[in-house]
Amino acid sequence: PPSEIFTAAQVAHGQILFERDCWVCHGPGAISSGVVPDLRRAGSLTDAKVWNSVVIGGVLKDRGMISFAKYLTDKDAEDLRAYVAQRARILKEQEANEKKQ
């Protein structure tokens, strides 16, 4: 997960956007079915500029990830990153607990 701390408002707004635009491909709660990348483990998650280049810039359009520039603002993209980061932190905690058992 990224080191940044996001506000609860960012995470909440990001969740709304994710549930509207992203979950169909990337899975509910950002948990991938394995067909597309699990965003909780995405390398781009740790870098706001790289994340934005994917979500807004369309840098991965040749791999099937379209640009959402028509639908999302840069702030929206960052709020999505906040939500996925929160989900990544939950995953990290779950995996740490599993190792302890």
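Select F68 first: at a relative accessibility of 15%, F68 is buried, since the cut-off for buried is under 20%. The model is a predicted one.

Y71 has a relative accessible area of 52% and is exposed, the cut-off for exposed being over 50%. Keep both side chains on display for the ring geometry below.

There are 2 aromatic pairs in the structure. For the pair to visit now, select F18 and Y83. The ring centres of F18 and Y83 are 5.4 Å apart and the planes meet at 50°, so this pair is tilted. F18 sits in helix α1 (residues 8–26) and Y83 in helix α3 (residues 74–100); the pair links distant parts of the chain, 65 residues apart. F18 is buried at 1% relative accessible area, and Y83 is buried at 4%.

Return to F68 and Y71. Their ring centres lie 6.1 Å apart with the planes at 65°, so the pair is edge-to-face; the angle has to be over 60 degrees for that class.

Next, select helices α1 and α3. How far apart are the axes of α1 and α3, and at what angle do the helices pack? The axes are 7 Å apart and the angle is about 95°, which makes α1 roughly perpendicular to α3.

Finally, show the side chains at this contact. From α1, select Q10, V11, H13, G14, Q15, L17, F18 and C22; they meet K75, D76, E78, D79, L80, A82, Y83, V84 and Q86 of α3. Coloured by class, the residues of the contact between α1 and α3 come out as 8 nonpolar, 5 polar and 4 charged.

Conventions
Residues numbered from 1 in each chain as written. Predicted model: local features only at pLDDT ≥ 70, side-chain atom pairs only at ≥ 80, totals over all residues. Heavy atoms only, no water. Phe/Tyr/Trp six-rings, centres within 6.5 Å; stacked < 30°, edge-to-face > 60°. Helix = DSSP H or I, 4+ residues; strand = E, 2+ residues; numbered from the N terminus. Buried < 20%, exposed > 50% of the residue type's maximum accessible area, 1.4 Å probe, protein only. Axes fitted to C-alpha atoms, helices over the stretch in contact; angles between N-to-C directions. Parallel < 35°, antiparallel > 145°, perpendicular 65-115°, else oblique. Contact = heavy atoms within 4.5 Å. Nonpolar A, V, L, I, M, F, W, Y, C, P; charged D, E, K, R; others polar.
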